[in-house]
Amino acid sequence: MLVRCLLVVALAAVVAAAAGRLALAKENNGGRARWQVYSPAPSPKKHPCLENPPNMTENTGGEAGDVVHGYGGLECYATGSRRSGGRAVILVSDYYADKVAYQLGCYVVVPDLLFGDPYTDDPARPFEEWIKTHSPVEAAEKTKPLIAALKKDGTSTVGVGGYCWGGKVAVELSKTEETKARSNVPLKSLGVHHLVKIFPDAPHGFACRYNTTDPFAVKTAEEARADMVKWFDKYLEIMKR
């Protein structure tokens, strides 16, 4: 019997840095000295989620897929072959869907869960305000009809990969009924398969928004993508049994 399940991969990198300097300052009232901590003024730069937008047509000359309207009630970018042994992957981010579809040899769908309203780093609309109308929890609920549509079209196993905001969407989906496998072997007896990998010195968004002229950035991003592809290739096949 075919196993119908949802394999979820949530990928994220968080890097925190703090800098400061000690300066000896003399007070005017008496000439006494004391140590004070000064933090340098932050240099104006884009939010890390907005830096280095990926070139979706890198080395391809154009997009290999198509925009599909109303797929599970969502507008989606779909790429890869539907004849992929019943396997499909949903990517929740502006990621390299064409590359994943080619390397994995399966159907890849990128839904527009932001509904044409991405975060733009607008000072008049800080992230704290933007996120109020872009809940990852609600986005996960809106993804369920897409999973159902994929299964209706003959997909037996669906994987979900999420980056940054999309990572939370993937985690939320892992809590739902769509993630439960049905087979002759109880899933609990198999344990929970997982992979945790640390990329030292990698900034936030390193896997999907990186400087293509930086050898270190390219190496870590390609390594992370290879890990994801291998994970999906292995476990989407296992879950079909």
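Contact, as used in this tour, means heavy atoms within 4.5 Å. The model is predicted, so local features need pLDDT of at least 70 and side-chain atom pairs count only at pLDDT 80 or more, while totals for chains, interfaces and linings use all residues. Residues are numbered from 1 along each chain as its sequence is written, and side-chain values use heavy atoms, with hydrogens and water left out.

**Whole chain**

Helices (H or I, at least four residues) and strands (E, at least two) are DSSP runs, numbered from the N terminus. From that end the elements run β-β-β-β-β-β-α-β-α-α-β-α-α. Of the 241 residues, 40% are buried; buried means under 20% relative accessible area, exposed over 50%, and partly exposed in between (1.4 Å probe, protein chains only). Among contacts with a separation of 6 or more, 69% are between residues 24 or more positions apart.

**Strand β7**

Next, select residues 107-111, which form strand β7. How many of its five residues are buried? The count is five of five. In a regular strand the side chains alternate between the two faces of the sheet. In β7, Y107, V109 and P111 are on one side, V108 and V110 are on the other, and all are buried.

Two strands pair if DSSP finds at least two bridges between them. Strand β5 (residues 74-79) pairs with β7 in the antiparallel sense over four bridges, and A78 has V109 as its bridge partner in β7. Strand β6 (residues 87-92) runs parallel to β7, joined by three bridges. Here V89 has V108 as its bridge partner.

**H134**

Move to H134, in the loop between α2 (127-130) and α3. Is H134 buried or exposed? H134 counts as buried because its relative accessibility is 7%. Show its surroundings: leaving out residues up to four places away in sequence, H134 touches L114, D117, R125 and W165. With D117 there is also a side-chain polar contact of 3.0 Å. A polar contact is a pair of N or O atoms within 3.5 Å; within protein, one must be able to donate a hydrogen and the other to accept it, and residues adjacent in sequence count only if both atoms are side-chain atoms.

**A148**

Finish in helix α3 (residues 136-152), where A148 lies. A148 has a relative accessible area of 44%, so it is partly exposed. Select G72 as well: it is 76 residues from A148 along the chain, and their C-alpha atoms are separated by 7.3 Å.
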